[in-house]
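Hi,

Here is the structure I promised to pass on. Have a look, and then read on for what turned up.

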Amino acid sequence: MPHSIFSFVNRSIPNEWHCNQSIGVLWSPNILYMRGSSFHIKLPISSECINKIVIIKMGKDGCLVAYENRIEHVSIVPDTPVFDPTGAGDSFAGGLLGYISAYGLSDPVMAACYGTAVASYTVSGFGLENLLTMNHSSLMGKINQIEVIW
């Protein structure tokens, strides 16, 4: 029986390209199909996926959070001007992992919201300029603008 990418990782944050490259190796008798704006992904719903969290970054289309046999879409922060996308994925991962470090893994969707909000600071400026202005109040304001669809 072929292995899927889920048998090798506990937590993953692939982007859309990595997800598309992995589709050929995913296998399960029970496949959940999720259609994104520019791609079609398949995530196996099997014992191999239980207790796994997969977050798929989709750039300007937000991200998908797959966990506990469900998939939720987390939007970007609306009306964020994009000046330089360099480092957005790293900032997303930093915000996500910062949330997990502080609050644990019980709410991966909220962790993705934190990552999305932190990434919005990165893309709206050059380098670290907007990250250096971030404070808890403005971060929470951005998080409150994010839409989660399940």
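A quick one to start: is E72 buried or exposed? E72 is buried, at 8% relative accessible area (buried is under 20%, exposed over 50%, partly exposed in between, with a 1.4 Å probe and protein chains only).

Before the rest, some ground rules. This is a predicted model, where local features need pLDDT of at least 70 and side-chain atom pairs count only at pLDDT 80 or more, while totals for chains, interfaces and linings use all residues. Residues are numbered from 1 along each chain as its sequence is written, and side-chain values use heavy atoms, with hydrogens and water left out.

Back to E72, which has a salt bridge to R70, with the closest N and O atoms 3.2 Å apart (a salt bridge being a side-chain nitrogen of Lys or Arg within 4 Å of a carboxyl oxygen of Asp or Glu). R70 also pairs with E68, at 3.7 Å from N to O. R70 itself is partly exposed at 38%, and E68 is exposed at 59%. Through shared partners, salt bridges link E68, R70 and E72 into one network. The structure has 3 salt bridges; one of them joins D61 and K60, with N and O 3.6 Å apart at the closest. Here K60 is exposed at 69% and D61 partly exposed at 21%.

On the fold: the protein chain has 4 helices and 7 strands, in the order β-α-β-β-β-β-β-α-α-α-β. Those are DSSP runs numbered from the N terminus (helices H or I, at least four residues; strands E, at least two). Of its 150 residues, 43% are buried. Among contacts (heavy atoms within 4.5 Å) with a separation of 6 or more, 54% are between residues 24 or more positions apart.

The largest one holds about 400 Å³, and 18 residues line it, with G59, K60, I76, A88 and A119 closest to its centre. For the method: on a 1 Å grid over the protein atoms alone, a pocket is an open set of points where a 1.4 Å probe fits, with protein on both sides within 12 Å along at least five of seven lines, and lining residues have an atom within 4 Å of a point. The volume is the space filled by probe spheres set on the points, which are joined across faces, edges and corners. α2 (88–103) and α3 (108–123) each give at least two lining residues, and α3 has the largest share, with 4.

Cheers
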